[in-house]
Amino acid sequence: MAKIGHPLRILPQIDSTNEEIKRNLAANLPEGAVVIADQQTNGRGRLGRSWHSEFGSGLYLSTLLKPDLPPENLSLVTLMAGVATATAIQHLAPVKLKWPNDILLNGKKLAGTLCECIYKPGSIPAVIVGIGINLNHTSFPKEIQGIATSLKLETGKTINRSELVLNLLQNLNSEYIEFLQRKNKNLIRKWTEQSNMFGKTMTVHQKGKTLLGTAVGLNPQGKLILQTPEGKKHVLDSGELIEAISKNL
Ligand code: BT5
């Protein structure tokens with residue numbers, strides 16, 4: 001396994017760090033390569049959504065992994081990225097993981113991860129792990145003002161991006177080693193410990209229907225299990241929109 005962070009490129013501006021990695025795949029970009037940008041002009045979220053990436057205020061980072069594992073293990077990469085990110089921030093503020101890819105602080109979104117798998121027949125899949133963290137933003141655009149926050153807004157402190165990057169890369173490395181060793185139970189336990197979703201009531205919009213239930217755990221593939229008031233268990237897909245009914249999820 002290559003060390004995550006070698007090589008490391010820091011760019012003043014790019015459309016999206018995930019896209020930049022993707023563009024370099026054909027040139028045999030090595031596993032562990034990292035791209036960081038001071039600003040993204042087309043930062044991406046999941047499902048075609050965008051990621052607000054203003055100049056100099058956030059951490060916008062992507063890395064390339066090439067895990068030689070069966071495809072069913074790859075769904076856990078998002079949880080791995082979440083655990084590494086939350087662990088890297090924990091000493092600055094009490095962040096919480098929200099399934100599948102959010103990192104919340106005081107109930108607002110502080111960071112998000114975007115993991116993209118690229119399969120090529122006969123070769124190990126390329127997994128691009130993108131991480132966006134709001135560090136020193138003092139405000140957000142109207143559309144996300146009510147849901148987004150930054151470490152500066154919540155703690156009053158100015159965050160040093162380089163220190164956080166070092167911490168994040170160390171955590172990504174150690175989580176990735178465990179991931180390759182298929183210590184999935186460990187990963188799921190760590191994710192669960194850093195989340196406050198469990199035991200809370202929430203609604204889920206699933207194929208045109210609304211489901212009400214309590215989050216009771218993650219299955220071995222890292223999917224969320226929701227239990228309805230009648231005791232029926234549903235396994236959720238990550239595309240489904242979850243809204244907390246309880247506050248501070
Ligand atoms: C995510 O998507 O949370 C994944 C974010 C990943 C961003 C990183 S930055 C480095 C790398 N390069 C990229 O191009 N992307 C990755 P999702 O769960 O779909 O959440 C997107 C939603 O979060 C948006 O629709 C907004 O509602 C909200 N949002 C957008 N920008 C935000 C921000 N800076 N802080 C908090 N919330 C934001």
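## Questions on a predicted model

Colleague: Is N18 buried or exposed?

Modeller: The model is a predicted one, and the relative accessible area of N18 in it is 3%. A residue counts as buried under 20% and as exposed over 50%.

Colleague: With which residue does the side chain of N18 make a polar contact of 2.8 Å?

Modeller: N18 lies in helix α1, residues 17-23. Residues up to four places away in sequence aside, N18 touches R44, S62, L114, E116, I128, V129 and G130. Within this list, the polar contact of 2.8 Å joins the side chain of N18 to that of E116.

Colleague: How far apart in space are N18 and S174, C-alpha to C-alpha?

Modeller: In sequence, N18 and S174 are 156 residues apart. In space, the distance between their C-alpha atoms is 21 Å.

Colleague: Is I147 buried or exposed?

Modeller: I147 lies in the loop between α4 (142-145) and α5 (151-155). Leaving aside neighbours within four places in sequence, I147 is in contact with K108 and K109. The relative accessible area of I147 is 52%, and the cut-off for this class is over 50%. I147 is therefore exposed.

Colleague: What distance separates the end C-alpha atoms of helix α3?

Modeller: Helix α3 covers residues 77-89, which is 13 residues. At 1.5 Å a residue, a helix of this length should span 18 Å. The distance in the model agrees with that expectation, as the end C-alpha atoms are apart by 18 Å.

Colleague: How many of the 13 residues of α3 are buried?

Modeller: The buried residues of α3 include V77, T78, L79, M80 and I89. Helix α3 is largely enclosed by the rest of the structure, because the number of its 13 residues that are buried is twelve.

Colleague: What span should helix α6 have at 1.5 Å a residue?

Modeller: Helix α6 runs over residues 161-180 and has 20 residues.

Colleague: What area is buried between domain 1 and domain 2?

Modeller: The domain assignment gives domain 1 as 8-193 and domain 2 as 201-245. Eleven residues from domain 1 and twelve residues from domain 2 take part in the contact. Carbon and sulfur atoms give 67% of the buried area, which is about 900 Å².

Colleague: Which helix gives the largest share of the side of domain 1 that touches domain 2?

Modeller: In domain 1, K98, W99 and I188 lose the most area to domain 2, together 56% of what that side buries. The largest share of that side, three residues, comes from the helix covering residues 184-193, namely α7.

Colleague: How many salt bridges are there between domain 1 and domain 2?

Modeller: The C-alpha centres of the two domains lie 24 Å apart. Two residue pairs are in polar contact across the interface. For salt bridges between domain 1 and domain 2, the count is zero.

Conventions
Residues numbered from 1 in each chain as written. Predicted model: local features only at pLDDT ≥ 70, side-chain atom pairs only at ≥ 80, totals over all residues. Heavy atoms only, no water. Helix = DSSP H or I, 4+ residues; strand = E, 2+ residues; numbered from the N terminus. Expected span 1.5 Å × (residues − 1). Domains from an automatic or database assignment. Contact = heavy atoms within 4.5 Å. Buried area = accessible area lost by both parts, 1.4 Å probe. Salt bridge = Lys/Arg side-chain N within 4 Å of Asp/Glu carboxyl O. Polar contact = N/O pair within 3.5 Å; in protein donor to acceptor, adjacent residues only side chain to side chain. Buried < 20%, exposed > 50% of the residue type's maximum accessible area, 1.4 Å probe, protein only.
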